[in-house]
Amino acid sequence: MSAHCQVTGRKPGFGKSVSHSHRRTGRRWDPNIQRKTYFVPSEGRRITLTVSAKGIKTIDRDGIDAVVARLRANGTKF
């Protein structure tokens, strides 16, 4: 599963870890990505989304129908 939220577009951040001796090594900060299944009443079926914790809060706030309509307008297929 890719670390990419379908609702908010969050992706991993990249940077360096700096040790006490100041040696730098590459690292990445992954968002909290989860696969969630939602029932969409307007379509009468379930869809599975890859969403971050922030995306789950967005769906709770706006409603799944509004979020699915927004994703379909952007060309996302389910």
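The questions and answers below concern this predicted model.

User: What radius of gyration does the protein chain have, beside that of a compact globule of 78 residues?

Analyst: Along the principal axes, the C-alpha atoms fill a box of roughly 60 × 20 × 20 Å. A compact globule of 78 residues would have a radius of gyration near 12 Å. The protein chain, by contrast, has a value of 17 Å.

User: What percentage of the residues in the protein chain is buried?

Analyst: A residue counts as buried when its relative accessible area is under 20%. Of the 78 residues in the protein chain, the buried ones make up 27%.

User: Within what arc do the buried residues of α2 fall, seen down the helix axis?

Analyst: The buried residues of α2 are I64, V67, V68 and L71. They line one face of the helix, because seen down its axis they fall within an arc of 100 degrees.

User: Is T58 buried or exposed, and at what relative accessible area?

Analyst: T58 has its place in helix α1, and its side chain reaches the backbone oxygen of K54 at 2.9 Å. Leaving aside neighbours within four places in sequence, T58 is in contact with V7, T8, G63, V67 and R70. Buried means under 20%. T58 is therefore buried, as its relative accessible area is 10%.

User: Which residues does V51 contact, leaving aside its neighbours within four places in sequence?

Analyst: V51 is one of the residues with the most contacts inside the largest nonpolar core. Leaving aside its neighbours within four places in sequence, V51 is in contact with C5, V7, N32, I33, Q34, K36, I56 and I59.

User: Is S52 buried or exposed, and at what relative accessibility?

Analyst: S52 has its place in strand β4. Not counting residues up to four places away in sequence, S52 touches C5, T8, R10, N32 and I33. S52 counts as buried because its relative accessibility is 2%.

User: With which side chain does the side chain of N32 make a polar contact?

Analyst: N32 lies in the loop between β2 (24–29) and β3 and is partly exposed, with a relative accessible area of 44%. Leaving aside neighbours within four places in sequence, N32 is in contact with V51, S52 and A53. At 3.3 Å, its side chain also makes a polar contact with that of Q34.

User: How far apart in space are N32 and T50, C-alpha to C-alpha?

Analyst: In sequence, N32 and T50 are 18 residues apart. In space, C-alpha to C-alpha, the distance between N32 and T50 is 10 Å.

User: Which residue in β2 is the bridge partner of V18?

Analyst: Strand β1 (residues 13–18) pairs with β2 in the antiparallel sense over 6 bridges. Among the paired residues is V18, whose bridge partner in β2 is R24.

User: What phi does H22 take in the hairpin of β1 and β2?

Analyst: Most residues other than glycine have a negative phi. H22 is in the loop between β1 and β2 and is partly exposed, because its relative accessibility is 49%. This hairpin has 5 residues between the strands. Although H22 is not a glycine, its phi is positive, at about 75 degrees.

User: Which residue with a positive phi follows α2?

Analyst: The phi of this residue is near 95 degrees. The residue that follows α2 with this positive phi is G75.

Terms used
Residues are numbered from 1 along each chain as its sequence is written. This is a predicted model: local features need pLDDT of at least 70, side-chain atom pairs count only at pLDDT 80 or more; totals for chains, interfaces and linings use all residues. Side-chain values use heavy atoms; hydrogens and water are left out. A nonpolar core is a set of buried Ala, Val, Leu, Ile, Met, Phe, Trp, Tyr and Cys residues joined through side-chain atoms within 4.5 Å. Buried means under 20% relative accessible area, exposed over 50%, partly exposed in between (1.4 Å probe, protein chains only). Contact means heavy atoms within 4.5 Å. Helices (H or I, at least four residues) and strands (E, at least two) are DSSP runs, numbered from the N terminus. A polar contact is a pair of N or O atoms within 3.5 Å; within protein, one must be able to donate a hydrogen and the other to accept it, and residues adjacent in sequence count only if both atoms are side-chain atoms. Two strands pair if DSSP finds at least two bridges between them. The arc is that of the directions from the helix axis to the C-beta atoms. The radius of gyration is taken over C-alpha atoms; the globule rule is 2.2 Å times the number of residues to the power 0.38.
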